[in-house]
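Please look over the sequence and the structure shown below before reading on.

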Amino acid sequence: QVQLVESGGGLVQAGGSLRLSCAVSGRTVNYYSMGWFRQAPGKEREFVATIRWSTGITYYADSVKGRFTISRDNAKNTVSLQMNSLKPEDTAVYYCAAGTTALSPRKADYWGQGTQVTVSS
């Protein structure tokens with residue numbers, strides 16, 4: 001089992017920054033893909049970014065490319081999402097996810113409980 005606990009959400013003005021963290025515990029995730037997804041009210045969950053724990057290779061949704069950065073800290077066993085130049089359309093509940101195969105909004109082995117990000121205009 002893998003436990004994922006997100007933190008760092010909150011309210012920020014457009015153009016501001018937030019850093020989300022996902023604390024990973026349980027079994028080793030050295031060969032896992034880790035990712036961030038988000039779900040806005042009335043919309044389906046969507047992909048934001050993923051990182052391969054072992055290689056550090058990252059992928060981003062076009063909507064966040066150049067503004068968000070996903071990273072992992074082996075020593076602290078955390079995955080972070082640095083979000084800059086935030087826009088009101090980034091408002092959503094953000095979920096951390098982990099899986100042994102490619103992640104998607106409907107496919108992950110483990111999900112966190114989510115953290116709310118609200119961007120005011």
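Is R106 buried or exposed? R106 is exposed, because its relative accessible area is 71% and the cut-off for that class is over 50%. The model described here is predicted, and each value below was computed from it.

**R106 and its surroundings**

R106 is placed in the loop between β9 and β10. Its side chain makes a polar contact of 3.2 Å with the side chain of E44. R106 can also be set against F47: the two residues are 59 positions apart in sequence, while their C-alpha atoms are 9.8 Å apart in space.

Strand β4 covers residues 33–39 and strand β5 covers residues 46–52; they pair in the antiparallel sense through 6 bridges. Within this pairing, G35 has T50 in β5 as its bridge partner. The two strands form a hairpin, with 6 residues between them. In that turn G42 has a positive phi of about 75°.

Strand β5 also runs antiparallel to β6, to which it is joined by 3 bridges. Here the bridge partner of A49 is Y60 in β6. β5 and β6 form a hairpin too, with 5 residues between them, and G56 in its turn has a positive phi of about 80°.

S63 is partly exposed, as its relative accessible area is 41%. S63 and I51 are 12 residues apart along the chain, and 17 Å separates their C-alpha atoms.

**Aromatic rings**

How many aromatic pairs does a search of the whole structure find? The search finds 3 aromatic pairs. In one of them, the ring centres of Y32 and Y110 are 6.5 Å apart and the planes meet at 25°, so this pair is stacked. Y32 lies in the loop between β3 (18–26) and β4, whereas Y110 belongs to strand β10 (residues 110–111), so the pair ties together parts that are 78 residues apart in sequence. Y32 counts as buried, with 7% relative accessibility. Y110 counts as buried as well, at 14% relative accessibility.

Another pair is formed by F37 and W111: their ring centres are 5.3 Å apart and their planes stand at 65°, so the pair is edge-to-face. This pair links distant parts of the chain, with F37 in strand β4 and W111 in strand β10, 74 residues apart. F37 counts as buried, at 0% relative accessibility, whereas W111 is partly exposed, with a relative accessible area of 28%. Ring pairs link F37 and W111 with F47 into a cluster.

Which residue has its charged end over the ring of W111? That residue is R45, at 4.3 Å from the ring centre. R45 also lies over the face of Y95, where the distance to the ring centre is 4.1 Å.

Most residues other than glycine have a negative phi.

| Residue | Phi |
|---|---|
| N77 | near 55° |
| S85 | near 50° |

N77 is found in the loop between β7 and β8 (78–83). At 29% relative accessibility, it counts as partly exposed. S85 sits in the loop between β8 and β9 (92–99). S85 is likewise partly exposed, and its relative accessible area is 41%.

**T78 in strand β8**

Where is T78 found? T78 is found in strand β8. Why does T78 count as buried? T78 counts as buried because its relative accessibility is 17%, and the class takes in values under 20%. Leaving aside residues up to four places away in sequence, T78 touches C22, A23, W53, S71, R72 and D73.

How values were computed
Residues numbered from 1 in each chain as written. Predicted model: local features only at pLDDT ≥ 70, side-chain atom pairs only at ≥ 80, totals over all residues. Heavy atoms only, no water. Buried < 20%, exposed > 50% of the residue type's maximum accessible area, 1.4 Å probe, protein only. Pairing = 2+ DSSP bridges. Helix = DSSP H or I, 4+ residues; strand = E, 2+ residues; numbered from the N terminus. Phe/Tyr/Trp six-rings, centres within 6.5 Å; stacked < 30°, edge-to-face > 60°. Lys NZ or Arg CZ within 6 Å of the ring centre and 35° of its normal. Contact = heavy atoms within 4.5 Å. Polar contact = N/O pair within 3.5 Å; in protein donor to acceptor, adjacent residues only side chain to side chain.
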